[in-house]
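Subject: A structure for you

Hi,

Here is the structure I promised to pass on.

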Amino acid sequence: MSAANTARSTLAAVHGDGVRAFQHVLYRAAKADPDRRFHALRDKVYREDVLQRAWYAVRRNNGAPGIDKTTLADVEEYGVTRLLGELAGELRAGTWRPLPARRVLIPKPGSAERRPLAISAVRDRIVQAAVKIVLEPVFEADFALCSFGFRPGRSAHDALQVLIDEAWQGRRWVVETDIANCFSAIPQDKLMRAVEERVSDQGVLKLLRAMLRVGVMEDGQVRREVTGAAQGGPASPLLCNIYLHRLDRVWDAGQHGVLVRYCDDLVVMCSTRRQAEAALARLRSVLGGLGLELKQSKTRIVHLTEGKDAEGFDFLGFHHRWVRARGTVKPSRVCFLARWPSRKAAQHARDRIRQITGRKRLLLADEWIVEELNWFLRGWGGYFRYGNSARIFDAISQYALERLAGFVGKRHKRSRLWACAW
């Protein structure tokens with residue numbers, strides 16, 4: 001590790017200790033008094049250590065520039081300390097104003113659909129990250145156990161384990177769905193009322209309103225909507241969880257089954273078809289009251305049974321299906337919920353491999369291509385290695401090898417066999 005990286009890591013640890021300490025104080029206070037509304041948070045947002053940690057979060061994400069075209073490298077050249085000092089001064093004086101976000105459409109993995117992202121300027125992303133650092137412990141004290149997405153100490157694999165446990169307990173009627181255009185459909189006035197249940201600090205509320213109403217730049221025009229917590233900002237997942245907590249806290253698992261929510265992706269594990277139908281009706285009713293609706297194309301009820309014609313469902317990139325364990329002498333009596341990468345996830349891997357080894361990149365060095373390919377495969381495999389993924393892994397590995405051999409062969413004008421030997 002270079003001296004600069006070592007110094008940066010040391011500073012992050014020092015600032016992180018102070019930030020974690022005050023976050024723990026906020027969390028304990030919120031946990032001890034569920035009715036408390038916090039009124040002294042604004043000065044925490046522009047604390048030096050909070051802004052420094054917010055910068056590390058933005059830098060680690062390595063995002064694109066906003067409409068001002070300022071990159072992360074530009075900020076480092078300008079001086080991080082200098083920029084954070086300017087932001088602290090603006091926040092303290094109440095003069096900070098965010099720039100409109102730059103709207104881009106990115107393809108959804110394994111789908112022809114495209115997801116809208118709002119890319120804010122780097123300086124605005126730092127402020128959003130700082131606000132998130134301050135607000136997160138307050139609302140974490142309230143969040144329900146059924147919520148897993150974008151929460152500290154909780155992961156997608158924790159949510160997936162709940163599905164296995166509940167299926168083993170006999171809940172094999174599954175409601176599979178997600179919320180249509182969740183980030184862009186959340187009513188901003190209702191979202192602010194949800195925040196105000198816990199926060200009364202007008203300075204922080206003013207910052208949040210400015211973030212929500214800043215609008216996005218599209219085709220040279222700024223569009224400001226009355227709905228939406230634009231997806232792509234550091235604070236948007238937290239705001240989404242704050243709003244959807246209104247679903248979590250009224251959900252009755254005994255009556256409607258076990259809800260597993262990962263941000264706007266939902267699964268309910270039920271004991272009977274009747275309970276699953278009631279759960280689906282309950283979801284539509286509660287979300288309708290929140291100004292949201294389910295995506296019809298992804299909403300269905302699945303019965304988990306074994307057999308060649310049995311149905312499964314997709315959740316968090318995995319395909320889930322009820323299968324019988326293989327016996328060594330006679331058919332096993334043990335059945336369980338197996339999972340492996342879904343078709344969309346496998347197709348996304350092939351698309352990314354094809355992109356990395358594409359003809360347009362023939363001028364790049366072999367070592368660069370191999371390094372980038374290995375980086376992707378390690379990340380993809382690290383996520384999907386939990387489960388029953390060996391067959392899919394073999395197919396993806398073989399595809400990657402064939403694509404790399406073809407790339408090297410084209411670059412050196414040799415046969416594929418020579419490339420494989422290389």
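Predicted model: local features only at pLDDT ≥ 70, side-chain atom pairs only at ≥ 80, totals over all residues.

Residues are numbered from 1 along each chain as its sequence is written, and side-chain values use heavy atoms, with hydrogens and water left out.

The protein chain holds 17 helices and 11 strands; these are DSSP runs numbered from the N terminus (helices H or I, at least four residues; strands E, at least two). Along the principal axes, its C-alpha atoms fill a box of roughly 75 × 65 × 45 Å. Of the 422 residues, 46% count as buried, meaning under 20% relative accessible area with a 1.4 Å probe, protein chains only. In the protein chain, 68% of the contacts with a separation of 6 or more are between residues 24 or more positions apart, where contact means heavy atoms within 4.5 Å.

Now to the sheet. It is open, with 3 strands in the order β9-β10-β11 and antiparallel pairing; two strands pair if DSSP finds at least two bridges between them. β9 (313-315) and β11 (335-341) stand at the edges with a single partner strand each, so one side of each has no neighbour in the sheet. Strand β10 (residues 318-324) is joined to β11 by 7 bridges, and the two run antiparallel. His319 stands opposite Trp340 in β11.

Enjoy exploring!

Methods
Buried < 20%, exposed > 50% of the residue type's maximum accessible area, 1.4 Å probe, protein only.
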